[in-house]
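Here's a quick briefing to go with the model below.

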Amino acid sequence: MTESVSTPVDAAPVSDDRIARRNVLVLAAAQALAGAGAPICISLGGIVGYYLLGLDKSFATLPVTGFVVGTALATLPAGMLARRLGRRKGLMVGSLLGVCGGWLAAYAIFLSSFWFFCFGVLLAGASSAFVQQYRFAAADSASESFRPKAISWVMAGGVLAAVIGPQTASLTKDMLAPTLYAGAFVGLSALAALSWVVLGFLKAPPIVNVQNTAAGRPLPEIMRQGRFIVAVLCAVSSYALMSFVMTAAPMAMVSQGHSTSNALLGIQWHVMAMFAPSFFTGSLIQRFGKERIVVVGLLLLAGCSALALAGLDLTHFWGALILLGIGWNFGFIGATAMLTETYRPEEKNRVQAVNDFIVFGFVAAASLSSGGILNAFGWNMVNVVVFPVVIITLAMLFFTRKRSAIRA
């Protein structure tokens, strides 16, 4: 006879969207605060790494990669904590990781310790894994019709994060002079602490007891679904390709004679393009369907590379980066909405965590390989790589949809 135990699982979403709309506001505000940590680490990680290293600067960008790796490593624990503690408490643990990561990174700069700094940034990256859960938390209490909007509106908080992060870094980097840049990571800690306060207002679905240790289907069974496979593939393609091209773009711009300021401005416009469409992506999904929006996103990613291959002027770089951001938004939000159809309420934490683990594992690999391919083969090859990935993903998406239509 199978032994039964009580396992905390968030209850299924309710049909009344009043709580869901309130939660969206809370999560969007938390996204603007906690999500600002990523721009701080990405914009300053390489600079601080260069500052802390000796004569050999080969590993200067390792802190940025450490941030992505930290996100990948923490995705499964983030899902586990959400399952055991509930969504609100689990997300608040993530904010505390951000507080600790920021303080450790700042202290490492005082100590002039490169590897200690990498560890602090890795912890900040782990906190970012919990930020990635915000979009799923928005879906928890939303009805099926409101779910795409809930996901996209929370992602829209990234528009503010794209402004708050760089501005915080700029205003606080000299705060602890003569130790440069340490103040920016203290600022990161402060933003994470504020997100902890904001998340305290989240009204997650109540935890219920499931009297079965094997609640829900086995994970391999869920992962064998064609819908799951194509949803994860679309998310991986959208996010990894975005990271792959974005990481190489600033270096490519500088190598072509464009100023560092113009390169940074291009990245700022790119980040804005990543999140600004979120104000209407959910409505577009409701009107045209998830798959069509994902297709548009993938085609925009291909359009980004086509424009980048057309020339090396500043307008080519900036235009490509803007298309890259919009394509990521449509592809990733559409894929997230697709994923929500593949699991039952009692299965969601495991499935969401596995999805993010796979996605950010590929994102980490993309960020690591981008610079190497740029240095070995040039900017054109970075963009050529995009096309086969987009073609394979589109083919899988169409094949899965066609097979579903035949079965229906």
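Val-197 sits in helix H8, which covers residues 182–199. With a relative accessibility of 44%, Val-197 counts as partly exposed, because that value falls between the 20% and 50% cut-offs. Val-197 also belongs to a nonpolar surface patch of about 390 Å², made together with Leu-96, Trp-196 and Phe-201. Keep in mind that this is a predicted model.

**Salt bridges**

- A search of the whole structure turns up eight salt bridges.
- One of them pairs the side chains of Asp-356 and Arg-135, at 2.9 Å from N to O. That pair links distant parts of the chain: Asp-356 is in helix H15 (residues 348–377), Arg-135 is in helix H6 (residues 134–140), and the two are 221 residues apart. Asp-356 and Arg-135 are both buried.
- Glu-341 and Arg-227 form a salt bridge too, with their closest N and O atoms 2.7 Å apart.
- Glu-341 is partly exposed at 39% relative accessibility, and Arg-227 is partly exposed at 23%.
- Those two residues are part of a network of salt bridges that links Arg-227, Lys-290, Glu-291 and Glu-341.
- Arg-344 bridges to Glu-347, and here the closest N and O atoms are 3.9 Å apart. The pair counts as a salt bridge because the cut-off is 4 Å.

- Helix H7 (residues 147–172) has 26 residues, so at 1.5 Å a residue it should span 38 Å; its end C-alpha atoms are 37 Å apart, which agrees.
- Where does H7 bend? The bend is at Leu-160, by about 35 degrees.
- H10 has 30 residues and reaches 43 Å from its first C-alpha to its last, close to the 44 Å expected at 1.5 Å a residue.
- H10 bends by about 35 degrees at Ala-249, and the proline Pro-250 follows within four residues.
- H10 is largely enclosed by the rest of the structure, because 21 of its 30 residues are buried.
- Just after H10 comes Gly-257, which takes a positive phi of about 95 degrees.

**Phe-360 in H15**

- Phe-360 is located in helix H15, and its 4% relative accessibility makes it count as buried.
- Phe-360 and Leu-180 are 180 residues apart along the chain, and 30 Å separates their C-alpha atoms.

- Cys-100 is in no disulfide, and the nearest cysteine sulfur, that of Cys-41, is 14 Å away. Cys-100 counts as partly exposed at 42% relative accessibility.
- For Cys-118, the closest cysteine sulfur is again in Cys-41, at 11 Å, which is too far for a bond. A disulfide would need the two sulfur atoms within 2.5 Å. Cys-118 is buried, with a relative accessible area of 9%.

**Backbone spots to check**

- The peptide bond joining Ala-177 and Pro-178 is cis, with omega at about 15 degrees. Pro-178 is in the loop between H7 and H8.
- Tyr-181 is in the loop between H7 and H8 as well. Its phi is near 75 degrees, a positive value in a residue other than glycine. Tyr-181 counts as buried because its relative accessible area is 18%, which is under the 20% cut-off.
- Ser-112 is another residue other than glycine with a positive phi, near 55 degrees. Its place is the loop between helix H4 (87–111) and helix H5 (114–132), and at 48% relative accessibility Ser-112 counts as partly exposed.

Technical notes. Residues are numbered from 1 along each chain as its sequence is written. This is a predicted model: local features need pLDDT of at least 70, side-chain atom pairs count only at pLDDT 80 or more; totals for chains, interfaces and linings use all residues. Side-chain values use heavy atoms; hydrogens and water are left out. Buried means under 20% relative accessible area, exposed over 50%, partly exposed in between (1.4 Å probe, protein chains only). Patches are made of residues with over 30% relative accessible area and no salt bridge: like charges are joined within 9 Å, nonpolar side chains (Val, Leu, Ile, Met, Phe, Trp, Tyr) within 5 Å. Accessible areas come from the Shrake-Rupley method with a 1.4 Å probe; for residues, only the protein chains shown count as cover. The expected span of a helix is 1.5 Å times one less than its number of residues. The bend at a residue is the angle between axes fitted to the seven residues ending there and the seven starting there.
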